[in-house]
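The following note is intended for a colleague who is new to this structure.

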Amino acid sequence: MRLQSSHGEIQQTKLIPPSKNSALVVRARLLSCALDAAGGRLLLINAAAGYGKTSVLAQVHQALRERGQHVAWLSLDEADNDHTRFLLHWVQALRKSGLRFGTAVVRLLASGGQPSPAVLRTSLLNALAALDQDLFLVLDDYHLITDAEVRQTLAAVLLAPLARVHLLIGSRSRNELPLNRLLALSQALEIDALQLAFSDTEARDFIEATSTRSLEPAQAARLREQTEGWAASLQLAVIALNAVDDVAGFLDAFSGESREVGEFLGEQVLSRLAPPLQQFLMESAILKRFNTGLVQAVTGRSDSRQLLDELEARNLFIFSLDDRRNWYRYHHLFADFLQRRLRDRHGSRWQTLHRRAADWLTANGLATEAIEHAFLAEDVERAGQLLDAACVELFASGQIHTLHRHAARLPRDMLRRLPRLQLELTWDYELQWRFAEARTALSDVRATLEQAQVGEGAVLDAAQMRFMRSKLAHRELMLDLLADRLPQAHDLAQKWLAETPDDDPFMQASVGTTLMQAQRERYDCEGAPLQAPMLHRQFVEGGAHYGTVFHDSVAGLTFFMRGDLDAAEHAYERARRTGTALQGQDSRLAAMPTAMLAALRYERGDLERARSLLREHSFLLADFGFCDHPIARFLTASRLAWIDGQADEAIDALEAGSHVAERHGMQRLQAAVWHERVRQAIADGRSTQAAALMADLERRGVLSSLAPGEAACSTDEMLALAWARVRIDGGDAHAALPVLQRWYQYAAQRRCPQAALRIAVVLARAQAQLGDTGAAQATVAECLLASRQDGFVRSFVDEGAFMATTLLGLRSAAGASDRELRERIDRLLPHFPDASLPADDNTAGGRVGLLEVDPLSARELEILRLTAQGMATSDVSCALGLSATTVKWYWQRIFSKLQVHRRFDAVKLARDHGWVA
């Protein structure tokens with residue numbers, strides 16, 4: 001799998017130790033000490049700039065390699081304050097050491113779903129724990145790391161029980177490393193400035209290796225004493241000595257005060273160089289790293305290669321960053337001084353040089369470095385354009401932190417004019433449920449594109465403009481989808497498919513998934529079996545594997561509503577496996593289908609599995625994915641707590657769901673919470689509370705329409721059910737009945753068994769309260785048989801004793817031909833608690849109902865009367881407000897009671913007895 005940095009490949013120059021052309025003085029004393037400590041968890045070399053930290057680490061690195069160890073190197077810089085970028089280079093550094101490492105981490109980084117730092121951290125720790133060989137990783141310049149997530153990851157590695165992982169860190173500070181804890185465990189060693197100072201012997205060896213003149217032992221000792229063994233000062237002194245004739249006079253003039261680096265460099269070193277070389281040094285010092293092409297483009301000198309060779313020959317604080325001596329950098333201390341000198345003496349050149357650097361880096365595919373130079377040149381307009389061009393790659397590689405950090409440096413009015421950047425930021429806002437920011441960004445993009453010109457000299461050509469408008473429309477509909485504005489998402493998705501010729505597989509698949517979600521909310525699930533696999537393939541073809549998690553979650557919800565519980569569970573399980581593989585078991589991506597799977601397992605009566613699934617992600621916020629995620633999570637948690645008799649926990653879960661709904665304006669979630677509150681309150685005998693809640697909603701105008709209209713949705717259904725439950729509980733089933741009948745017909749006619757069942761259990765209550773026991777049983781029977789598989793359990797069981805009694809009576813009344821119905825009832829009844837069942841229930845060979853059934857109920861007589869008038873079944877169905885299936889159910893009961901097999905015979909018998917005219 002290919003690793004990418006922001007806008008191109010990993011910076012390989014970060015993965016090998018910087019080296020000098022001249023030989024290093026072997027620090028035998030420090031090397032021995034460091035190698036002894038390297039077998040622990042941490043070796044920290046902590047000192048100010050110029051004390052030779054990098055040189056010592058490079059020698060340790062080389063010694064470990066010679067011993068056959070797997071040793072990796074990573075030079076850090078400010079750009080590594082992006083957690084994703086840091087891990088990308090970490091993994092590649094370890095792979096460069098010869099280890100097969102980090103496949104799972106790379107898969108996470110490449111998933112496109114923006115895994116959280118915690119998930120990435122866990123994946124890294126797991127990969128390190130699986131190592132079967134010792135690993136030594138050198139991190140140089142760790143003081144440049146300021147990002148809390150990167151620091152936390154490093155601390156987690158150091159504190160985890162990873163006996164085979166050894167970190168060697170060079171830094172100017174402890175930088176929040178858990179050093180004291182590791183020292184207490186004898187698992188760390190700190191080498192400080194005092195220990196790094198050159199000894200007399202090392203100073204003498206260094207002077208002999210780097211000076212063009214010989215110093216007497218006493219002079220070398222005096223120079224070491226005057227520099228206090230500080231490597232940078234000693235090197236500066238040697239460079240200066242090479243250019244003077246009077247060694248004794250120089251040593252007399254070189255006092256402790258001369259250790260002010262900037263002054264000493266200016267007076268003793270830089271001023272002794274030829275003016276062209278001085279200028280070259282100052283101008284090239286603006287670059288953190290450079291090769292011949294870059295430094296030539298910046299300085300304008302055609303002899304750059306020769307000058308670099310001269311700097312190496314003079315040992316002027318220059319390091320090679322690759323084996324071919326192509327890329328270089330200056331010692332940080334030297335570069336800082338040169339940059340100050342450039343700004344002080346040639347300030348007008350500063351911006352010009354950074355602009356040249358930005359141009360060359362852009363042309364050579366190094367956009368992230370180019371962006372930084374554009375900012376340093378104070379050319380914010382150029383920086384914005386570069387960021388706009390690079391933002392897609394930054395987002396795709398997961399470097400969202402870098403994207404936001406650079407975007408925050410742009411003026412607001414400029415940011416509004418960068419459509420590509422705005423659309424990438426918008427996608428992140430949408431996935432993070434930062435909907436207000438997403439709407440603002442989309443408004444800015446729309447205004448920009450409406451004003452944009454297409455043609456010669458324009459920022460966007462015609463093809464790019466079409467794509468940007470397509471992407472804008474996609475982001476707008478996805479905002480409505482994730483914000484749960486499903487009617488709007490439905491209309492925009494249809495418009496996108498009709499008007500957009502774009503064939504981007506990810507956008508095509510996500511728009512198709514949006515339609516599936518929105519159509520399900522409209523009780524339209526018919527096309528799901530054919531659409532679901534096709535859309536899944538499109539996501540895979542587009543490389544958006546994380547998108548399959550969203551899609552399978554939507555498909556599972558659709559199958560669930562269709563009554564196909566097996567297909568729903570398969571979709572949820574696949575989404576869960578994919579989310580776990582991409583971003584880890586503890587990720588928000590895996591949490592979404594897990595919550596939905598828990599809701600399904602709850603419905604199937606597998607309460608322990610539902611509890612187990614919810615516990616896996618109880619620590620994560622629910623503000624992710626679709627609105628169905630918090631609905632499943634909070635309602636299932638509340639119902640489980642309610643079953644367990646934990647009233648406070650049940651209420652707390654609903655309160656949490658209500659808070660999420662209010663914060664994000666999700667009416668569907670809020671309505672589901674209200675209905676569940678009403679259901680639990682009535683079941684617990686808290687009728688006053690349930691009535692008060694509904695009265696409050698009526699005062700607020702929430703219940704403006706109860707019957708299903710042309711664009712009815714589950715929000716309307718939940719509110720209608722809550723209202724109906726309160727009416728029935730208050731003894732006013734007459735008011736609730738017609739509303740429930742209309743809703744039941746609406747869901748049943750659209751072949752949505754799950755929704756029909758939600759309504760049916762409340763409708764049966766109303767029918768029973770009005771004395772029509774047969775109608776209640778018929779409604780329940782119809783729902784029992786409507787599902788494609790036997791599996792709906794809790795929708796019945798949560799209705800308590802009323803439903804247990806209804807099912808027992810239904811089983812007793814079922815004829816010999818109703819074997820499937822009786823079997824489904826028999827599988828349901830064991831799920832009811834004993835308190836819900838009649839005391840004299842006989843369960844030895846199946847349950848026998850104890851309800852007395854009238855010879856013919858009022859509803860059955862009405863069906864006979866209308867049939868006697870010549871009405872067909874469809875006419876009777878319309879006249880009585882029943883579904884055709886329900887009317888057929890009544891006919892089966894009539895046949896059983898009258899012991900006939902034809903409607904003609906039943907009508908004749910009814911007339912003979914005077915029951916109908």
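1. The lining of the largest cavity receives its greatest contribution, six residues, from helix 33. The model under discussion is a predicted one. The largest cavity holds about 730 Å³ of space, and 34 residues line it. Nearest its centre lie Ile631, Leu635, Arg639, Gln754 and Arg758.

2. At least two lining residues come from each of helix 27 (505-521), helix 29 (545-562), helix 31 (588-603), helix 33 (628-643), helix 35 (667-683), helix 37, helix 39 and helix 41 (794-797). By class, this lining comprises 16 nonpolar, five polar and 13 charged residues.

3. The second largest cavity has a volume of about 400 Å³. Its lining consists of 30 residues, and those closest to the centre are Lys20, Gly52, Ser55, Ala231 and His331. Helix 2 (53-66), helix 9 (200-210) and helix 11 (231-241) each provide at least two of the lining residues, with helix 2 giving the most, five residues. The classes here are twelve nonpolar, eleven polar and seven charged residues. In total, the structure has eight cavities of 30 Å³ or more.

4. Two or more lining residues are given by each of strand 9 (328-330), helix 17 (332-345), helix 18 (347-363), helix 19 (367-376) and helix 21 (400-407). Helix 19 accounts for the largest share, five residues.

5. Which residues have the most contacts inside the largest nonpolar core? They are Tyr330, Leu421, Leu740 and Phe796, in a core of 266 residues. Helix 39 (residues 753-769) supplies the largest share of this core, ten residues. A second, separate core has 43 residues, among them Phe86, Leu124, Leu135 and Leu182.

6. Apart from neighbours within four places in sequence, Leu740 contacts Leu721, Ala724, Ile728, Ile759, Val762, Leu763 and Ala766.

7. Is Glu717 buried or exposed? This residue of helix 37 (residues 714-729) counts as buried because its relative accessibility is 0%. Beyond four places in sequence, Glu717 is in contact with Tyr523, Trp743, Ala755, Arg758 and Ile759. Glu717 and Arg758 are separated by 41 residues in sequence, and their C-alpha atoms are 9.2 Å apart. Arg758 also lies among the residues nearest the centre of the largest cavity.

8. A disulfide is a covalent bond between the sulfur atoms of two cysteines. A search of the whole structure finds zero disulfides. Cys627 is buried, at 1% relative accessible area, whereas Cys33 counts as partly exposed because its relative accessibility is 28%.

Conventions:
Residues numbered from 1 in each chain as written. Predicted model: local features only at pLDDT ≥ 70, side-chain atom pairs only at ≥ 80, totals over all residues. Heavy atoms only, no water. Helix = DSSP H or I, 4+ residues; strand = E, 2+ residues; numbered from the N terminus. Buried < 20%, exposed > 50% of the residue type's maximum accessible area, 1.4 Å probe, protein only. Contact = heavy atoms within 4.5 Å. Disulfide = S-S within 2.5 Å. Core = buried A, V, L, I, M, F, W, Y, C linked by side-chain atoms within 4.5 Å. 1 Å grid on protein atoms, 1.4 Å probe; cavity = no way out; pocket = protein on both sides within 12 Å on 5 of 7 lines; lining within 4 Å. Points joined across faces, edges and corners; volume = space filled by probe spheres on them. Nonpolar A, V, L, I, M, F, W, Y, C, P; charged D, E, K, R; others polar.
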